[in-house]
Structure formats: C-alpha cells, structure tokens
Amino acid sequence: MGNFEKKLEVFWKVFYEYGGYTRVLTGLRNTIYIAVAGLVIGIIIGTIIAVIAVFPKYKRLPRILDGICKVYVGFFRGSPIVVQLLLFYFVALPLFGSKMPSLNVCMIVFGLNSGAYVSEIMRSGILSVDPGQLEAARALGLSYGVSMMKVVVPQAIKNILPTLGNEFIVLIKETSVVSFVGAADLYVAFNYIGTNSYEFMVPYLVMALIYIVLVMFIAMLVKLMERSLRRSDRRN
Amino acid sequence: MIDVIDLKKQYGSLEVLRGITNTIREGEKVAVIGPSGSGKSTFLRCLNCLEDPTSGQIIFEGVDIADMKVDINIHRRHMGMVFQQFNLFNNKTVIENIMLAPVHIKTHDLRVKKIKNFFIKIRNLFAKNKKELYVINTTKTKIREEARENALRLLRRIGLEDKANVYPSTLSGGQKQRIAIIRALAMNPKVMLFDEPTSALDPEMVGEVLDLIKQVADEGMTMVIVTHEMGFAREVATRVLFMDEGRIVEENTPEEIFNNPQHPRTKEFLSKVL
C-alpha cells in the first residue's frame with residue numbers, strides 16, 4: 001500500500017496545492033446546475049405533455065398536440081442523451097447560427113430529455129388521482145387547465161415524488177457525459193487532475209465517492225420532501 | 001330557470017337518457033327518484049354538462065349550455081354541485097377548499113380587466129374617441145380577504161369553524177359532505193345540484209347533512225336532488241320526478257307520487273323502497 005500512499009500524496013498536491021479543487025468545485029456546481037435545471041425544465045415540459053395526454057380528445061387541436069407530444073417523447077426516449085447533446089450542439093446550434101455556451105446547451109438538452117421521461121411518470125400520477133377531484137373543480141366553474149394545475153397535478157406530484165427523485169438521481173449521474181460538448185463537469189475536473197499528475201486511480205476514486213455522496217444526499221432530501229407532502233394525509 | 005329539451009345521452013350503443021324534457025323553475029326543489037341504472041345521476045350531471053349530452057338542449061338562463069361553443073365554465077359558476085363521494089380537494093385545507101374557486105375566478109376577472117384597460121389606454125393615446133376604462137375597485141388581497149371572511153362565515157354556520165385549517169382526510173363523512181355543500185354555496189349559485197348526497201355516508205351522519213340541505217332549501221335555493229331518501233324527498237321537494245330506463249315516467253307533487261302513484265312502474269318501485 002506504500003504505492004497507494006504515494007498516489008494519494010500526488011493527488012493531494014495537484015488537488016490542493018496546484019488548485020485542482022477549484023475545478024472540482026466548478027465541476028460539481030455545473031453538475032448540479034445541469035441536473036436541477038434539467039429536472040425543472042423536465043417537470044414543466046413533462047406536466048404539459050401529460051396534461052395533453054389525458055385531455056379528452058373530441059376536437060382536432062388536442063389530437064394534433066397529442067401527436068406532436070408522441071413524436072417528441074419518441075425521439076427523446078428513443079435516442080441516447082449523448083446523441084441528443086451532439087445533435088443540439090453541433091447540428092441545431094450552427095443551423096440557427098447561435099453561439100450558446102455549452103453549459104446552457106446541456107441544461108436545455110437534459111431538460112428536453114427528462115421532459116420525455118417525466119411526462120410518462122406524470123401521466124401515471126395524474127391517472128392515479130381520483131377523477132372526482134377534477135369533476136369537483138370543473139363543477140365549480142374552473143377551467144380544465146386551472147383545475148389540473150391547482151387540484152390534480154399537486155396530488156399527482158405527491159404520488160410520484162419518489163419516482164421523480166429517482167429521475168433526478170438519474171439526471172445527476174447522466175451529467176457525466178456533458179464533456180462531449182465541452183461543458184466542465186466533475187469528470188472533466190478529475191480528468192484534469194489525473195492528466196496533470198500522470199495518475200488516475202485516486203482522482204477517479206474520489207470522483208466516484210463524490211457522486212455517491214451526492215446521490216445519497218439527494219435521496220435523503222427527497223424523503224424529507226415526501227414526508228412534508230404527506231402532511232395532508234395524516235390526521236392532525 | 002333550466003329548460004331541458006329532448007335530452008339524450010348515449011355511451012356507445014347504450015342509451016342512458018332517451019329524451020328528457022322538463023323545466024325547472026326558480027325556487028323549485030325537484031327530487032329525482034328511480035331505480036339504479038335509470039339514468040337519474042346522468043340526467044343531473046348533464047344539467048351542468050359534466051356529461052356532454054349526445055343531443056338535446058339545456059337552456060340555463062336563456063343560453064343553451066349543451067352547445068359545445070358556449071364557455072361552460074362561466075355558467076357552471078352559477079350551478080353548485082354536491083357529489084356522492086364529497087370530492088373535497090385532498091391537497092387543500094378546508095378553508096382553501098372553500099376559497100379556491102371564488103378567489104381564482106375573481107382574480108382571473110380582475111386580471112382580464114387590467115389587461116383590457118392596458119390596451120384601452122394604449123388605444124386612447126392614438127384614437128380620438130376615448131374609450132372608457134373598466135372600473136377596478138378591488139385588489140388581489142381584498143378578494144382573498146373577502147373570500148376568507150365568507151368562508152369563515154359559512155363554516156361558522158355549520159359549526160365547523162375550528163376545522164378551517166385541517167385537511168379533509170381528518171374529517172368524518174358527514175363533515176366532509178357539509179363542507180362540500182358550503183363550498184358550492186360560496187360561489188353564490190343560482191341552482192344547486194345534489195347527486196345522491198347521503199348515499200356514501202354512515203347512517204348516523206345522514207341527518208346532519210339532510211338538515212343542512214333542508215336549511216338551504218328553506219332559504220329559497222333552487223335545487224335538483226337525486227336521492228334514495230324517500231322521506232327526505234317527500235319533506236323537502238316541491239316536485240318529484242320518477243325516472244326509469246332513461247325517461248321521466250311520472251312527475252307530480254310528493255304527496256301525489258308517494259300516496260297515489262299512477263304509473264305501474266312507479267307503484268312497483270315505491271312498493272319496494274317504502
């Protein structure tokens with residue numbers, strides 16, 4: 001293990017004395033930024049798609065919207081996120097002549113991608129809510145959209161919160177591919193440390209640890225949130 | 001007040017309502033009775049278009065609300081509805097349940113007025129004939145305050161003021177149903193529709209709910225009540241409709257229907273339930 005101690009020493013030198021930790025912190029920040037922005041955009045898009053999916057389809061407009069949503073979900077679930085990132089960054093952006101920073105690209109693509117997954121989660125959540133809730137809201141004169149947003153979706157979110165937490169964890173882990181389009185995440189930071197010390201064992205080990213701790217921390221937060229949302233179920 | 005003209009409802013090939021024509025006048029309390037599967041609940045739910053009629057007209061205050069082009073939400077504000085399963089919003093406290101619709105609708109109207117005023121102001125900058133602005137004499141906070149006061153007043157009336165800030169899951173069935181009734185009343189409806197309001201209640205809670213409905217009836221509210229409580233129908237209703245197989249078979253005053261039924265189906269039904 002003497003070898004390992006030496007490796008640790010080298011890692012510490014680059015990590016601390018040569019300022020590698022600033023990159024790690026930036027990487028951590030970017031990872032969290034992308035995952036949080038991705039989840040927020042994903043929930044918004046997912047909710048809209050799910051509401052369209054459960055909307056009664058007597059008229060033409062909802063049917064067309066539903067068709068568009070199906071194509072959307074099909075594309076984003078049917079292709080790897082790396083492909084989507086590359087397509088967005090190297091095809092879509094040049095086509096529109098836009099110079100968007102790669103971090104923002106990642107946020108948007110992860111949001112679009114998770115929107116497709118969240119829509120299915122949300123749809124099952126909405127269907128799990130008693131239809132009487134929607135009827136009662138409609139009978140009071142609230143529109144379909146308002147009834148959904150104020151009554152049905154909050155209850156749906158409560159039902160699907162554990163699954164949404166899972167989706168967030170998946171997002172955190174998936175962010176490790178953003179270096180494909182040049183965004184600096186945890187992988188980039190530790191790769192930098194490794195290249196500068198000619199030693200990869202410890203950096204990647206620490207990287208794995210950080211991911212695990214991060215995910216466990218989020219799992220704990222989800223549990224806390226779930227408990228506070230269950231308030232309306234408890235007798236008090 | 002409500003004119004129902006040749007109302008029909010089909011689910012696929014199943015005819016639930018086979019042409020109902022009736023008029024509900026202001027101040028009337030109409031009880032709808034009949035065997036299960038006779039279409040009485042569907043009839044009630046068609047009155048505020050929770051079920052879209054297959055054909056026929058429902059004229060409410062001069063507007064055919066069965067027409068899909070009509071904005072049904074505006075008309076539903078004036079029709080309170082009480083469900084068999086209470087349907088209190090589980091994610092909201094009791095007082096939020098009562099306040100939700102009045103607050104939302106009034107703030108929505110306020111917002112629409114403000115936006116319209118904004119465009120009128122822009123228009124007035126250029127046009128010669130100045131248009132008048134909409135009068136805005138309320139604010140969001142004021143709307144909330146008024147709705148809260150009204151909700152508390154209604155809760156006080158049914159003696160559940162102390163339950164204002166609890167969630168519905170902590171209440172008994174009778175309490176839930178009474179809150180559902182005042183939630184509908186908070187919109188100041190012109191007509192109240194009751195869909196078997198006591199069928200899902202424990203027997204000892206039926207009384208408190210019926211008492212409240214009776215009170216509301218005595219205040220002159222127009223009501224349509226689908227019910228299995230024959231005693232209640234006899235006591236409160238001014239007119240009873242007996243429905244069977246999607247048609248109104250017989251209608252009359254409660255005394256006539258219960259003491260002297262004409263149609264054989266009515267006789268048969270009443271002999272079973274009374």
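This is a conversation about how some labels in this predicted model follow from their definitions.

Author: Local features here need pLDDT of at least 70, side-chain atom pairs count only at pLDDT 80 or more, and totals for chains, interfaces and linings use all residues. Residues are numbered from 1 along each chain as its sequence is written, chains are lettered from A and ligands numbered from 1 in the order in which they are written, and side-chain values use heavy atoms, with hydrogens and water left out.

Reader: Let's start with chain B. What makes β1(B) and β2(B) a pair of strands?

Author: Strands are DSSP runs of E with at least two residues, and helices are runs of H or I with at least four, both numbered from the N terminus. Two strands pair if DSSP finds at least two bridges between them. Eight bridges join β1(B), residues 2-11, to β2(B), and the two run antiparallel, so they count as paired by that definition. Tyr11(B), for instance, has Leu14(B) in β2(B) as its bridge partner.

Reader: Which strands does β3(B) pair with in the parallel sense?

Author: β3(B) is joined to β8(B), residues 222-226, by four bridges, and to β9(B), residues 239-244, over four bridges. Val32(B) stands opposite Val226(B) in β8(B), while Ala31(B) stands opposite Val240(B) in β9(B).

Reader: Why is β3(B) called mostly covered?

Author: Buried means under 20% relative accessible area, exposed means over 50%, and partly exposed lies in between (1.4 Å probe, protein chains only). Five of the five residues in β3(B), residues 29-33, are buried. Lys29(B), Ala31(B) and Ile33(B) point one way, Val30(B) and Val32(B) point the other way, and all are buried.

Reader: How do you know that Glu28(B) and Arg239(B) form a salt bridge?

Author: The term asks for a side-chain nitrogen of Lys or Arg within 4 Å of a carboxyl oxygen of Asp or Glu. Here the N to O distance is 2.7 Å, so the pair qualifies under that cut-off.

Reader: What makes Arg239(B) part of a network?

Author: Arg239(B) also forms a salt bridge with Glu251(B), with the closest N and O atoms 2.6 Å apart. Salt bridges that share partners join Arg25(B), Glu28(B), Arg239(B) and Glu251(B) into one network. Glu251(B) counts as partly exposed, at 36% relative accessibility.

Reader: How do you know that the span of α4(A) is close to the expected one?

Author: The expected span is 1.5 Å times one less than the number of residues. With 16 residues, α4(A) reaches 21 Å from its first C-alpha to its last, close to the expected 22 Å.

Reader: Where does α4(A) bend?

Author: The bend at a residue is the angle between axes fitted to the seven residues ending there and the seven starting there. α4(A) bends by about 35° at Phe88(A).
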